[in-house]
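Subject: Model for your review

Dear colleague,

The model we discussed is below. Please read my notes alongside it.

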Amino acid sequence: MPAFEIYENKNQAVRDAYSMLAANIQISNKKQRQQMIAVTSCNPLEGKTTLAINLSIALAKAGFRTLLIDADMRKPEKAKRLYQNVQEGLSNFLSGGTELEAAIVKTSIKNFSYLSSGRQDPNPIALLSSPNFDAMIAELRKKQDYDYIVFDTPALLSVADGALVASKGDSALLVAKMGRTRMSDLKRIKDQLERMDVNILGVVLNKVKKLEYKLHYRFYDYFYDAQHFYKKEALERKESLNRNESILS
Ligand SMILES: Nc1ncnc2c1ncn2[C@@H]1O[C@H](COP(=O)(O)OP(=O)(O)OP(=O)(O)O)[C@@H](O)[C@H]1O
Ligand SMILES: [Mg+2]
């Protein structure tokens, strides 16, 4: 079967930012062998899918066996970023139509596998609450075929899908859009997830303009120089983890 084609972002600075994020996630994940991360945000169009895809690529490129699961079953297949005529995916598996293994595709990037959302489903909440979803999580945990499993989900203030996924996995990574996501909304979803005992890995600030980045963050220069950043990062790690932010262009 031909590999599912995945294209990396052409911008080196952007790729570096995703690598930095992958490195920070790795630092925060010393104890576990495998981690299931739900990527979510308050509102639509804040950059969840972009982040989920690029984070998965960065983790795979760093040598981690990574599975990206598109758990947004609400969009028609044609609206999907990685739509490539994948016939079966998560919704088909959850409704009993296919085996999990058969629906997971290998991609053109080493260590990066992908499970599409499958056909659009009118009731994703029912599928994500079904025993089949629990069985899938249990199977993935038992097999340990992947070091990281990244779930792309819909916006949390719109629908409960992301919360359901996060509560079954290990942690949530929140995306906030600079100049658009309200702090009060961010706090609402943080509280909602914490009430469900979800570990929040951090908030990724998306669409930061270079000038704003420079004004807000001292180590702006390292954004362009990953090697240099890693050296400095060891010194700044404590502060950076406390701040719990990662910056993407
Ligand atoms: N850092 C970025 N810089 C520039 N454009 C971006 C960035 N992140 C996302 N976008 C663009 O913004 C749009 C929405 O992004 P994306 O689909 O990732 O958001 P989403 O949160 O997954 O949306 P939805 O809630 O509909 O699933 C896309 O056109 C994407 O290409
Ligand atoms: Mg999306």
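Two strands are taken to pair if DSSP finds at least two bridges between them. Helices (H or I, at least four residues) and strands (E, at least two) are DSSP runs, numbered from the N terminus. This is a predicted model, in which local features need pLDDT of at least 70, side-chain atom pairs count only at pLDDT 80 or more, and totals for chains, interfaces and linings use all residues. Residues are numbered from 1 along each chain as its sequence is written, and chains are lettered from A and ligands numbered from 1 in the order in which they are written.

Strands

Strand E2 (residues 66-70) and E5 (148-152) run parallel and are joined by 5 bridges. Within this pair, Thr66 has Tyr148 of E5 as its bridge partner. E5 is also joined by 5 bridges to E1, again running parallel. Here the bridge partner of Met36 is Ile149, and Ile37 stands opposite Val150. E1 and E6 run parallel too, with 5 bridges between them; Val39 has Leu173 in E6 as its bridge partner.

For burial, a residue is buried if 20 or more other C-beta atoms lie within 10 Å of its own, exposed if 12 or fewer, and partly exposed in between, with C-beta atoms placed from the backbone. By that count 7 of the 7 residues of E1 are buried, so E1 is largely enclosed by the rest of the structure. One side of E1 carries Gln35, Ile37, Val39 and Ser41, and the other Met36, Ala38 and Thr40. E5 is likewise largely enclosed, because 5 of its 5 residues are buried.

Helices

Helix H7 (residues 161-168) is mostly covered, with 6 of its 8 residues buried. The buried ones are Asp161, Gly162, Ala163, Leu164, Val165 and Ala166. They pack against strands E1, E5 and E6 and helices H5 and H8, where contact means that the C-beta atoms of two residues, placed from the backbone, lie within 7 Å.

The axes of H1 (residues 12-27) and H2 come within 8 Å and cross at roughly 70°. Axes are lines fitted to C-alpha atoms, for helices over the stretch in contact, and angles run from 0 to 180 degrees between N-to-C directions. H1 and H2 are therefore roughly perpendicular; angles under 35 degrees count as roughly parallel, over 145 as roughly antiparallel, 65 to 115 as roughly perpendicular and the rest as oblique. Tyr18, Ser19, Leu21 and Ala22 of H1 meet Asn54, Leu55, Ile57, Ala58 and Leu59 of H2. The residues of this contact divide into 7 nonpolar, 2 polar and no charged. Ala, Val, Leu, Ile, Met, Phe, Trp, Tyr, Cys and Pro count as nonpolar, Asp, Glu, Lys and Arg as charged, and the others, Gly among them, as polar.

Ligand 1

There are 15 residues around ligand 1, of which Pro44, Gly47, Lys48, Thr49 and Thr50 come nearest; a residue is near a molecule if its C-beta atom, placed from the backbone, lies within 6 Å of it. Helix H2 (residues 48-61) gives the largest share of this shell, 3 residues. The shell divides into 5 nonpolar, 6 polar and 4 charged residues.

Gly118

Gly118 is found in the loop between E4 and H5. It counts as buried, because it has 23 C-beta neighbours inside 10 Å.

Regards
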